[in-house]
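Hi there,

Here is the structure I promised to pass on.

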Amino acid sequence: MHQEQEVCTLYTNVPAIWQAMLDDCWAATETIDMEQYIFCADTIGRKFLEVFKEKARAGVRVRLLFDVVGSWSVYRDARVHDELMEAGVELRWYNRFVPLLLHRIGSVYFRNHRKLLIVDGTFGHIGGVNIRDDMHSWRETHARMQGLVVRSMARSFNTLWAKCKISIPHLVKKPKAKGVSKFEFLPNSPGRRRGYVYKAICKAIRNARTRVWITVPYFIPTLHFMYLLKQARLRGVDVRILLPEKNDLPLLGIGMHSYFGPLLRGDIGLFLYQPSVLHAKVVVCDESWATLGSLNFDNVSLRFNLEANLVTTDTQVVEQLARHFQADLAQSQALTYNLWQQRSFKHKILEKLLWPFHALL
């Protein structure tokens, strides 16, 4: 079967990611579809809003699917709504948030955490980046794709766009692969047997023989995932986890610290990234498998959110992601079990107090 040419361009610098997305939008001639968790109408957000409005006026179909909680500032700003409507931009909201119904878990949880941009059905952007000014210095991982995988991204967007007015949670199906590709688009959603990204990562770790390198901002894993990591280490696999020293969500930071002791006792390498907030979500297994996208290793991502990742078996892309990991390690502090045991008594108490609520973090 003929293999369509695929091009993957990786980015780690947030301003460069935003610029690549804006450039593709300005070049659009037919369609712009954006799916975003956090979108703010600040300086960078206004740049996106301007291109959306300008292109819609020029006849390009522009569809925006934003999450209500993540993009709350825009949701409650009638001026932004009016501007987009007048220009012909279509805007839909995922799981409208009802403050008076906080007793309904679906009003707070079941968020759309996916970050996608598809332009002309030809260029697809996927990763963990949001649209908000104060994230400009964060360390991210983002891919700009051309090829068959973009069609899968577009089909998934179209499906969710059609469903977003229906009651949640939405059970997003795995797009059927069409053609031969070294890249696969995988969604993750609530519902039994719908955690496609999580299952793919678990399978890759079970099959790993040389390395499992994980970069993630929030790490509150399942017990099954902890077991897989420890088993891989017992097989002689190099298991390392890169986490942020500076966490933008302190509560999650304390929650994930509860896992450091068991991981370190299991001879799993833990490293804390120093220069900035680390927000990338990447797993590299051996020399021929990797994934990147929006999925975090916490209960909110795994149990409640809609997520989207790119999985690749392209050895060149895998190696590039591995080099990113090695470069980040050079700017990170390695933890040891003895060093971790020296943390303050107050910190240990906070971890214990937060432990009963891990299922909600």
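Below is what turned up on one helix pair and on the cavities.

One thing to keep in mind from the start: this is a predicted model.

**The helix pair**

Let me begin with α6, which covers residues 196-207, and α7, which covers residues 223-234. Their axes come within 9 Å and cross at roughly 20 degrees. Because angles under 35 degrees count as roughly parallel, α6 is roughly parallel to α7. The crossing of these two helices is left-handed.

**The cavities**

The largest cavity has a volume of about 60 Å³. Its lining consists of Arg-139, Thr-141, Trp-213, Thr-215, Val-282, Val-284, Leu-321, His-324 and Phe-325. Four elements each supply at least two of the lining residues: the strands β7 (139-146), β9 (211-215) and β12 (282-285), and the helix α11 (315-329). Which of them has the largest share? That is α11, with 3 residues. By class, the lining of the largest cavity has 5 nonpolar, 3 polar and 1 charged residues.

The second largest cavity comes to about 40 Å³ in volume. For your selection, its lining residues are Met-21, Gln-36, Lys-115, Leu-116, Leu-117, His-125, Ile-126, Gly-127, Val-129 and His-142. Here β5 (116-119) and β6 (123-127) each supply at least two residues, and β6 gives the most, with 3. The lining of the second largest cavity divides into 5 nonpolar, 4 polar and 1 charged.

**In short**

To have the main points in one place:

- α6 and α7 cross at roughly 20 degrees, with their axes coming within 9 Å.
- The largest cavity, of about 60 Å³, takes the largest share of its lining from α11.
- The second largest cavity, of about 40 Å³, is lined most by β6.

Best wishes

Notes:
Residues are numbered from 1 along each chain as its sequence is written. This is a predicted model: local features need pLDDT of at least 70, side-chain atom pairs count only at pLDDT 80 or more; totals for chains, interfaces and linings use all residues. Side-chain values use heavy atoms; hydrogens and water are left out. Axes are lines fitted to C-alpha atoms, for helices over the stretch in contact, and angles run from 0 to 180 degrees between N-to-C directions. Angles under 35 degrees count as roughly parallel, over 145 as roughly antiparallel, 65 to 115 as roughly perpendicular and the rest as oblique. A crossing is left-handed if the near helix is turned anticlockwise from the far one by less than a right angle, and right-handed if clockwise. On a 1 Å grid over the protein atoms alone, a cavity is a set of points where a 1.4 Å probe fits but cannot get out, and a pocket is an open set with protein on both sides within 12 Å along at least five of seven lines; lining residues have an atom within 4 Å of a point. Grid points are joined across faces, edges and corners, and a volume is the space filled by probe spheres set on the points. Ala, Val, Leu, Ile, Met, Phe, Trp, Tyr, Cys and Pro count as nonpolar, Asp, Glu, Lys and Arg as charged, and the others, Gly among them, as polar.
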